[in-house]
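Subject: Structure handover

Hi,

Here is the structure I promised to pass on. Please keep it open while you read the notes below.

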Amino acid sequence: MTTTWTMTIDCTDPAAQAAFWCLALGYREADPPRGWDSWEAWLTDQGVPEDEWNDGANVSDPEGVLPSISFLKVPERRTVKNRLHLDLQVSGGRDQPSDVREQRIRQKAAELIEVGATVVHEAEQNGKLDHLWMADPEGNDFCVV
């Protein structure tokens, strides 16, 4: 039997991070708990003060297959390289022609740069683009491969 899990990312603005990662992964905001029509209704019913409504956010795979990701508000910004990161596998794999792989990688990267991501490093293998090491709007590492 496997254990259900969610990856949690510490951040300073959970709603903004959730929106970025929805775009990056094709995810959507997670549904509110059963019995509530919206997160606002649930938070209100739970007595959570409005100024704490952005203390967390959760995104999920629209197909319900892949793990959810939650975002938790913390007071400090990221200060060191992440020991764990996501690889967005958009290239189709190394069996694809290198020009096709590069086009797919750069297309996804351009989409994410428009919403605040940055390229940290371009990694090559045999003189061809292998992957891009990137950072999300709060500086968390991820790769586009």
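A search of the whole structure finds zero disulfides; a disulfide here is a pair of cysteine sulfur atoms within 2.5 Å. C22 is in none, and its nearest cysteine sulfur, that of C11, is 13 Å away. C143 is in none either; its nearest cysteine sulfur, again that of C11, is 20 Å away. For background, a disulfide is a covalent bond between the sulfur atoms of two cysteines.

This is a predicted model: local features need pLDDT of at least 70, side-chain atom pairs count only at pLDDT 80 or more, and totals for chains, interfaces and linings use all residues. Residues are numbered from 1 along each chain as its sequence is written, and side-chain values use heavy atoms, leaving out hydrogens and water.

Are C22 and C143 buried or exposed? C22 counts as buried because its relative accessibility is 16%. C143 is at 8%, so it counts as buried too. (Buried means under 20% relative accessible area, exposed over 50%, partly exposed in between, with a 1.4 Å probe and protein chains only.)

Next, helix α1. Helices (H or I, at least four residues) and strands (E, at least two) are DSSP runs, numbered from the N terminus. Helix α1 covers residues 14-25, twelve in all. Expected span is 1.5 Å times one less than the number of residues, so α1 should span 16 Å; its end C-alpha atoms are 16 Å apart, which agrees. Its buried residues include P14, F20, W21 and C22. G26 follows α1 and has a positive phi, near 75 degrees.

Now the sheets. Two strands pair if DSSP finds at least two bridges between them. β2 pairs with β3 (residues 56-60) in the antiparallel sense, over two bridges. E29 has V59 in β3 as its bridge partner.

The order β5-β8-β7-β6 gives another open sheet of four strands, also with mixed pairing. β5 and β8 (residues 141-144) run parallel, joined by three bridges. There, L88 has V144 in β8 as its bridge partner. α1 packs on this sheet, touching β5 and β8, and its direction makes about 45 degrees with that of β5. Contact means heavy atoms within 4.5 Å. Axes are lines fitted to C-alpha atoms, for helices over the stretch in contact, and angles run from 0 to 180 degrees between N-to-C directions.

Best wishes
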